[in-house]
Amino acid sequence: MHILTGFRSSVRALVPCLALTSSLLIAGCGGDDDADSSQTGTASFSIKDAPVDGVSEVVVTFDRIDLKPRNGAVERFELDPPRTVDLLALQGTDAAALIDAVELPSGQYDWMRLYVVTDGSEVVEVLGGEFDLFIPGSHPPSSNPNQRFLHLARPFVIPAGGHADFTVDVELRKALIKRTSGPGSPFYMLRPSLRLVDNSATGTLTGTAPHCTSDLSSGGNAVYVYEGAGAVPGDVFVGEDGDELLRSDGADHPLTLANVTLDTESGLWRYTVGFLPAGVYSIAFTCQAREDEPGSQDDIGLSSPTDVTITAGETFELNLD
């Protein structure tokens, strides 16, 4: 990590760390104090995703991150050079660093924004085809420069004299949508369906699961994770802005999900859900994740849920066979 000089006030230019992390980052974070410019702490921010079907690459280029203290000016970080990541390569416990160990005023922050360079962002489909990727409001003919960021309104705390590690989890099944109507070529839109987690308060869920089909045009083996015990498993159901919609079937919305993939060493089909905040969850399995359209309530077959408790810093093994 190297901080370039020549920027004043809260505008900073960064050369981001390019390493991938594949383990939990241990950090401290807590409290609800307002940001205090007389005291500082440090923070790192990484990014990962929850999977989506039908595409093999979701390449996103970030060139700036804004962090807003509850009281005080926006802390702005220019990524120089811009940071390009393939979100689909960042599943389970893998994450890519965006900014590393930057000094910030300590205390409460209200939101963050991830600025996306659409010229360096694209989606590649499994069955062929490359498509441009846009943020809502940035697709031509729009020329509004204020609409090229993903906004995450989730408070977080920078500890005075300490360090905090955070991970932004992009929920691709909720966030990614293909546009095929209207003038011009088809393209993808990346909506702001994001979670921000404090890595020090998270654990990992992993295990084996059934394998129903390898047909790319149907099926879809996935594990759905719901907050709380005794959840009623439902599919992904979100609106145009990526926010969850009111359900008419009485089911619960999944917090996140994980695809089931072949472990070539063991020959078993496994799943891993990383960066889960400590707590109780309900876990269900489906063979029909590819039929889960985010804009509608779909009657996909989800198994009866199993309750698990996730402890910070630990891995829980749940075999669904």
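Modeller: Asp-53 counts as buried, because its relative accessibility is 19% (buried means under 20% relative accessible area, exposed over 50%, partly exposed in between, with a 1.4 Å probe and protein chains only). This is a predicted model, in which local features need pLDDT of at least 70 and side-chain atom pairs count only at pLDDT 80 or more, while totals for chains, interfaces and linings use all residues. Residues are numbered from 1 along each chain as its sequence is written, and side-chain values use heavy atoms, with hydrogens and water left out.

The partner of Asp-53 is Arg-290: their side chains form a salt bridge, 3.8 Å from N to O (a side-chain nitrogen of Lys or Arg within 4 Å of a carboxyl oxygen of Asp or Glu). Asp-53 sits in the loop between strand E4 (36-50) and strand E5 (55-69), and Arg-290 in the loop between strand E21 (279-286) and E22, so the pair ties together parts 237 residues apart in sequence. Strands (E, at least two residues) and helices (H or I, at least four) are DSSP runs, numbered from the N terminus. Arg-290 is partly exposed, at 28% relative accessibility.

For comparison, take another pair. Glu-171 forms a salt bridge with Arg-195, with the closest N and O atoms 3.2 Å apart. Glu-171 belongs to strand E12 (residues 163-171) and Arg-195 to strand E15 (residues 194-198), so this bridge links parts that are 24 residues apart in sequence. Glu-171 is buried at 3% relative accessible area, and Arg-195 is buried at 13%.

Next come the nonpolar residues. The largest nonpolar core has 44 residues, and Ile-47, Val-58, Leu-176 and Leu-190 have the most contacts inside it (a core is a set of buried Ala, Val, Leu, Ile, Met, Phe, Trp, Tyr and Cys residues joined through side-chain atoms within 4.5 Å). Strand E7 (residues 95-116) gives the most to this core, with nine residues. Leaving aside neighbours within four places in sequence, Leu-176 is in contact (heavy atoms within 4.5 Å) with several residues, including Val-52, Val-55 and Val-58.

Last, confidence. The protein chain has a mean pLDDT of 84, and 82% of its residues reach 70 or more (pLDDT is the predictor's confidence in each residue, from 0 to 100).
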